[in-house]
There are 2 protein chains.
Amino acid sequence: MKNQSERAYQRMREKILSGIIVPGARLVEQALSEEIGVNRGDVRQALSRLCAEGLAAKGEKGGFFVRQLTDKDVEEIYEVRYILETSAVRLIIQRAHEEEYRQLDEIVDHMELMAGNNYMLGVYEADLRFHTALVKAAHNEKLFDIYISANIPLSGVHGWRHEITRIDKDYMRDVSEHRRIVEHLRRKDADAAIHLLNTCHEDSRDSIDPPDPAPLSNR
Amino acid sequence: MKNQSERAYQRMREKILSGIIVPGARLVEQALSEEIGVNRGDVRQALSRLCAEGLAAKGEKGGFFVRQLTDKDVEEIYEVRYILETSAVRLIIQRAHEEEYRQLDEIVDHMELMAGNNYMLGVYEADLRFHTALVKAAHNEKLFDIYISANIPLSGVHGWRHEITRIDKDYMRDVSEHRRIVEHLRRKDADAAIHLLNTCHEDSRDSIDPPDPAPLSNR
DNA sequence: TATTCAATTATTGTATACCAAATTTCGCCT
DNA sequence: AGGCGAAATTTGGTATACAATAATTGAATA
């Protein structure tokens, strides 16, 4: 954390993504500034950035709010996710080095370990990391930036903290799916890898229940 | 323009994209604030947003600068542009209505008129509008947002104002290419449309000379 | 009890001033 | 021309003010 506005941004981002601040809630500048320990100007700066990234939005009557994703939004985000990851796979096959495949393997190893011991949140975290590493391996920084700043790997679980994580899910199947994706990448079989990626998407989409209706303070 | 920080954002964006402020130049807060007629805080807010969108960047020794695109950046952006527009085409074929094709036709008409009378900047503008409308027609707001906020249609000509626009370019060929793209879309021939789009990219890539080395005040 | 409306309080958007630290500029000297 | 150091500028951070507006409270009323 170099400077204060960066700090404000990071803290607020965390709070939003982890669901500590629920979607639809008003982002009160003074409260935030006191809590984080920066002044209102820095909070305002961070809010501006969060807005540009789609994590927050300006209310019609003024003020900032945590972005409320509609069903349509989620649907569209999955579509974009598919587009970006599919393209990443094709680039990976042209460009990735063994080193990057090894990194992906390692993440899957972690995922396996956590799945075996029922660390659901851990598995989820590893999954995030896997998809991020996947796009990174495409060797296109701009593509990676877009993927990150669009908060694509997180959108579906916006507010997961408030949901009951499905206990009966077969996490081991996920693990083997991810492992097979890496295999396909190594064999340069783009279509197979993409097909499996698609399966992942379907899975996570099904396992997500709509978040609690947020207690809107206004709007 | 609802509020001041929005105004600051708009003005600065214009200045950067039109090349009035050259790539690499320092963005002095006070100068900007006086010029635009807002206070420093608002400028700071706008700068924060511009940064998130990749139009500006924070210098290592502090301060904001107009983002300087390297050859690699441009290369990557074209790749992303290809990915996004290609995906858009595939979605358009599934979803677009006649109304949207008519809009595209109309833009091509404008382009033709301007090309016929050698309004080079006008042609360029219509081209921008065409590609934007294309992505919009994919009926995925998120995809559209990404396309816009990544400044993809503009990146290649970042600072075009300082270049000598090629006078000998065959603008009419561009026009007919664009017209054929719409035809292919109507016939639902994705591959043909994508192939032509690709041609456009190659063309514009070739016709762009590297911008003048920006007079860097530091960095 | 439920509802309406006015008074009170909170929040935003904007503006200004201040400060220390870092950075840049500029003139001077060699 | 090139290096040096002082002066000016710029940043990043903080505090405060204040009018306009939005939200909440609470009391009066149906």
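Visitor: What does the accessible surface of chain A come to, and which share of it belongs to carbon and sulfur atoms?

Guide: For chain A the accessible surface is about 10,800 Å², and 50% of that belongs to carbon and sulfur atoms; accessible areas come from the Shrake-Rupley method with a 1.4 Å probe, and for residues only the protein chains shown count as cover. Please keep in mind that this is a predicted model, in which local features need pLDDT of at least 70 and side-chain atom pairs count only at pLDDT 80 or more, while totals for chains, interfaces and linings use all residues. Residues are numbered from 1 along each chain as its sequence is written, chains are lettered from A and ligands numbered from 1 in the order in which they are written, and side-chain values use heavy atoms, with hydrogens and water left out.

Visitor: How many helices and strands are there in chain A, and how much of the chain counts as buried?

Guide: Helices (H or I, at least four residues) and strands (E, at least two) are DSSP runs, numbered from the N terminus. Chain A has 10 helices and 3 strands, and their pattern along the sequence reads α-β-α-α-β-β-α-α-α-α-α-α-α. Buried means under 20% relative accessible area, exposed over 50%, and partly exposed in between, with a 1.4 Å probe and protein chains only; of the 219 residues of chain A, 52% count as buried.

Visitor: In which order do the strands of the sheet in chain A stand, and which of them are at the edges?

Guide: Strands of a sheet pair through backbone hydrogen bonds, either parallel or antiparallel. Two strands are taken to pair if DSSP finds at least two bridges between them. In chain A, 3 strands make an open sheet in the order β1-β3-β2, with antiparallel pairing. At the edges stand β1 (26-27) and β2 (56-58) of chain A, each with a single partner strand, so one side of each is left without a neighbour in the sheet. Between β2(A) and β3 (residues 64-66) of chain A there are 3 bridges, and A:Ala56 stands opposite A:Val66 in β3(A).

Visitor: What packs on the sheet of chain B?

Guide: The sheet of chain B is open, with 3 strands in the order β1-β3-β2 and antiparallel pairing. Its edge strands are β1 (26-27) and β2 (56-58) of chain B. Helix α3 (residues 40-52) of chain B packs on this sheet, touching β1, β2 and β3 of chain B, and its direction makes about 100 degrees with that of β2(B). Such axes are lines fitted to C-alpha atoms, for helices over the stretch in contact, and the angles run from 0 to 180 degrees between N-to-C directions.

Visitor: What span should helix α3 of chain A have, and what covers its buried residues?

Guide: The expected span of a helix is 1.5 Å times one less than its number of residues. The 13 residues of helix α3 (residues 40-52) of chain A should span 18 Å, and the end C-alpha atoms are 18 Å apart, which agrees. Among the buried residues of α3(A) are A:Val43, A:Leu47 and A:Leu50. Contact means heavy atoms within 4.5 Å, and the cover of the buried residues of α3(A) includes α1 (4-17), β1, α2 (29-36), β2 and β3 of chain A, together with α3 of chain B.

Visitor: Which residues have the most contacts inside the largest nonpolar core?

Guide: A nonpolar core is a set of buried Ala, Val, Leu, Ile, Met, Phe, Trp, Tyr and Cys residues joined through side-chain atoms within 4.5 Å. The largest one has 82 residues, and A:Leu185 and B:Leu185 have the most contacts inside it. Apart from it lies another core, of 21 residues, among them A:Leu17, A:Ile21, A:Val43 and A:Phe64.

Visitor: Is B:Asp105 buried or exposed, and what does B:Asp105 touch?

Guide: B:Asp105, in helix α5 (residues 98-116) of chain B, counts as buried because its relative accessibility is 18%. Not counting residues up to four places away in sequence, B:Asp105 touches B:Arg179, B:Val182 and B:Arg186.

Visitor: Where is B:His139 found, and what is its phi?

Guide: Most residues other than glycine have a negative phi. B:His139, which is not a glycine, has a positive phi of about 60 degrees. B:His139 is found in the loop between α6 and α7 (141-149) of chain B, and is partly exposed, with a relative accessible area of 35%.
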